[in-house]
Amino acid sequence: YMTLRLYQGAIDDARSAARALDILHKVLSSYPNIPYCEFYNDALNEDYMSAGDGMKYEIKLWRKYDLKVENKNRTENLKSFISFPFTLSPAIKADILEEDAQIQMREGYHREMQMAIFTGQRMFLPYLVLHVSREKILQDALGIIEHGYEGSDFKKPLKIIFDGEDG
């Protein structure tokens, strides 16, 4: 049903099917002889999430409604397919994580820029900058990260500067 509704363009009906599959998945997950990949949906993975703006729309929906605690009970009809990860292939999940990380980096950049404007700073750091030496790259990077940054800094794009080198 879910596959058929996806191919017909009835995305909301397909979401209802995913909710029904969620119930079935919770029951059948206690049976180890059923492989987890039986719940993957090819139409969802190969067509809807891979082509066009399907994935971007689902991420937007997921971030807007599914991740917010206050919306948990009120937005059952707006749940993204991402809320039903058992239907998604590992490749699609990796793409979702990558896209979400890019969104978080952009948000961190814009937040840093707004803070600089509102506080009157003349300079702001839109990147997480690591100064390391080539000889001890791993030790330097881990030492700097461990002692020198807040959690919000890790949402910024990364820039690495090698000590004693130009460029």
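Predicted model: local features only at pLDDT ≥ 70, side-chain atom pairs only at ≥ 80, totals over all residues.
Select tyrosine 1 to begin, and with it Asp13 and Ala17, which tyrosine 1 touches (contact being heavy atoms within 4.5 Å) when residues up to four places away in sequence are not counted. Tyrosine 1 is found in the segment before α1 (2–8), where helices (H or I, at least four residues) and strands (E, at least two) are DSSP runs numbered from the N terminus. Tyrosine 1 counts as exposed because its relative accessibility is 61%, on a scale where buried means under 20% relative accessible area, exposed over 50% and partly exposed in between, with a 1.4 Å probe and protein chains only.

Residues are numbered from 1 along each chain as its sequence is written, and side-chain values use heavy atoms, with hydrogens and water left out.

Show strand β2 (residues 158–162) beside β1: the two run parallel and are joined by five bridges, and DSSP must find at least two bridges between strands for them to pair. Within this pairing, leucine 130 has isoleucine 160 of β2 as its bridge partner.

Finish at serine 133, in the loop between β1 (128–132) and α6 (137–148). Serine 133 counts as buried because its relative accessibility is 13%, and, leaving aside neighbours within four places in sequence, serine 133 is in contact with Asp140, Phe162 and Asp163.
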